[in-house]
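Let's take a friendly walk through this model together, one question at a time. Please have a look at it first.

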Amino acid sequence: MATRIDLNDRDAVVIIGSGAGGATLANELAQRGIGKIVILEAGKHYTQADFENDEWAMFRKISWLDKRISAGGWHHTKTYPNLPAWIVKAVGGSTIHWSGVALRFQPHDFRTRQIYGQVEGANVLDWPITYEELAPYYDKAEKKMGVTGSAASGQPPMPESNQYKVVAAGARKIGYRKIVRPVASNSTPYDGRPACQQAGFCMQGCKIGAKWSALYTEIPKALATGRVELRPESMVLQVQHDKSGKVNGVLYADSKGRKHLQKARVVCVAGNSIESARLLLNSASSLFPNGLANSSGQVGRNYMNHATAAAVAIHRKPVYMYRGFDIGAVVADEVALDTKRGFNGGYYLEGLALGLPYTAAFMKPGGWGRDVTSALEQYDHMTAIWVCGEDMAREQNTITLHPTEKDQYGLPIPIVTKTYHRNDEAIAAHGLQQFRKLSEAVGATRVIDMPAYPASHNMGTNRMSANARDGVVNRWGQAHDVKNLFVSDGSQFTSSSAANPTLTIVALAIRQAEYLAGALRKGEV
């Protein structure tokens, strides 16, 4: 029988969002004996039977398509004006859609202010934790997720796909040596999940469950404890608080639009960087006039999504890049800290195998013509790359509330404002140049640069800081202003690194669960 937690139970731990952060936190708390956990998820509860190996069918089914507005100087204001971020609205969150690449932050990523100094036009800040503190939790995350090539999981690397072989050969010809493929998808059966069948539809939801997704790992394990209730199609509208400023309840709307108030002892926000910031801003009150936990004015600021660019190369012979795991190769040589290249930070060249529908859509958004069709005719000869580089935190890159336009719940829709820092532009340009070099080194006849895709690596907006004036949460993801309010997703990131964020979100959630379970038992929250 499914666990039911009363709306008036003041001991409930309410977790908002069921993705990498929220679901992991719920499961880790439940495994530690913490009971009365309510997960509120805005989206539907799909199963693997609902997944289709069809890019557009799954995009329409699982994507968060509630209206958002792209603003600022980035190209999304023209190419994707109402889709600034490509994330999932469903149980499991964007772990359904993610590629599976599981990279660690590097030690210097936690000390960007110390290393880079004050960067003009940026709001660079050191994390209040170090790599050394997080390293044991990276081990636990890699074991939990079954990351290939990790000593923690013992999973061997994925097989070398054609995409890997071509990209790796080009990389080595121009002097690169670090071609890796650490992914959270099983190369051999692991944790009750089968080995990857190399079907290539990783971002449409893994039908066989080889790829780690909270939908069929953390969520069912949490529910099996009898300590957790999952409520899908429950859109959170506001986090409420008592006269002292402690949070005491969460107002949400169910699938029929009926409003409910779930009482709470602790609230953990894990709705992704856009929705988490939007929620805190929508939870403004007389005590918190600028938004809940926003005495610093930093809620919704410092939005990051990586410095990105994309390209395809056309080769003389067929490659069939779509055969195999979606990201077959990650070139890691340029991620090292080296300011001689003209920018801070670094980047990965990720060999992302795009399906034909996405290649057609992303190559020239809104355009067509012979230059596009002549390339698509040689789709089977293509390799593709995604540049994933460090993104400078900037106060002017924000999530704000629209002054007049409301969503279906009567809440202001979010405006996602982003303008690239010149450091971001330099990283993207360097990455495209290097991909062109490595592709031409193995005989590519044509290389086509493309605009970056809608951002899916959303970070910042509720960042960690040692001092309350500089951020929103402390080293445990606990709000500086409200001690029983936590942030449990990528919005707590102080810097972006060049690494895909999911592994770090999971590591932080495991660490936060350890702290929160202890604090609950001691009566500290």
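Q: Where does glutamine 204 lie?
A: This is a predicted model, in which local features need pLDDT of at least 70, side-chain atom pairs count only at pLDDT 80 or more, and totals for chains, interfaces and linings use all residues. Residues are numbered from 1 along each chain as its sequence is written, and side-chain values use heavy atoms, with hydrogens and water left out. Elements are DSSP runs numbered from the N terminus: helices (H or I, at least four residues) and strands (E, at least two). In those terms, glutamine 204 sits in the loop between strand E4 (179-180) and helix H7 (218-224).

Q: Is glutamine 204 buried or exposed?
A: Buried means under 20% relative accessible area, exposed over 50%, and partly exposed in between (1.4 Å probe, protein chains only). Glutamine 204 has 4% relative accessibility, so this residue counts as buried.

Q: Which residues does glutamine 204 contact, leaving aside its neighbours within four places in sequence?
A: Contact here means heavy atoms within 4.5 Å. With those sequence neighbours within four places left aside, the partners of glutamine 204 are Phe51, Glu52, Asp54, Glu55, Met58 and Tyr358.

Q: How many disulfides does a search of the whole structure find?
A: A disulfide is a covalent bond between the sulfur atoms of two cysteines. The criterion used is a pair of cysteine sulfur atoms within 2.5 Å. Searching the whole structure this way gives a count of zero.

Q: Which cysteine sulfur is nearest to that of cysteine 202, and how far away is it?
A: Cysteine 202 is buried, with a relative accessible area of 8%. This cysteine is in no disulfide. Its nearest cysteine sulfur belongs to cysteine 196, at 5.8 Å.

Q: What is the distance from cysteine 206 to the nearest cysteine sulfur?
A: Cysteine 206 is buried too, its relative accessible area being 14%. Cysteine 206 takes part in no disulfide. The nearest cysteine sulfur is that of cysteine 196, and the distance is 6.6 Å.

Q: How are H5 and H12 oriented to each other?
A: Axes are lines fitted to C-alpha atoms, for helices over the stretch in contact, and angles run from 0 to 180 degrees between N-to-C directions. The axes of H5 (residues 131-145) and H12 (residues 502-522) come within 8 Å and cross at roughly 110°. Angles under 35 degrees count as roughly parallel, over 145 as roughly antiparallel, 65 to 115 as roughly perpendicular and the rest as oblique. The two helices, H5 and H12, are therefore roughly perpendicular.

Q: What classes of residue make the contact of H5 with H12?
A: Among the residues involved are Leu134, Tyr137 and Tyr138 of H5, along with Val506, Ala507 and Ile510 of H12. Ala, Val, Leu, Ile, Met, Phe, Trp, Tyr, Cys and Pro count as nonpolar, Asp, Glu, Lys and Arg as charged, and the others, Gly among them, as polar. By class, the contact has 10 nonpolar, two polar and six charged residues.

Q: What is the separation of the C-alpha atoms of glutamine 262 and asparagine 8?
A: Glutamine 262 belongs to strand E8 (residues 259-263) and is buried, with a relative accessible area of 0%. Its contacts beyond four places in sequence include Ile5, Asp6, Leu7 and Asp9. Although glutamine 262 and asparagine 8 are 254 residues apart along the chain, their C-alpha atoms are separated by 6.4 Å.

Q: What is the separation of the C-alpha atoms of isoleucine 39 and valine 14?
A: Isoleucine 39 lies in strand E2 and counts as buried at 1% relative accessibility. Beyond four places in sequence, isoleucine 39 touches residues including Ile15, Val228 and Leu230. Isoleucine 39 and valine 14 are 25 residues apart along the chain, and their C-alpha atoms are separated by 6.0 Å.

Q: What value is phi of threonine 461 near?
A: Threonine 461 is in strand E18 (residues 459-461) and is buried, with a relative accessible area of 0%. Its phi is positive in a residue other than glycine, near 90°.

Q: Is lysine 36 buried or partly exposed?
A: Lysine 36 is found in the loop between helix H1 (20-31) and strand E2 (37-40). Phi of lysine 36 is positive, near 60°. At 36% relative accessibility, lysine 36 counts as partly exposed.
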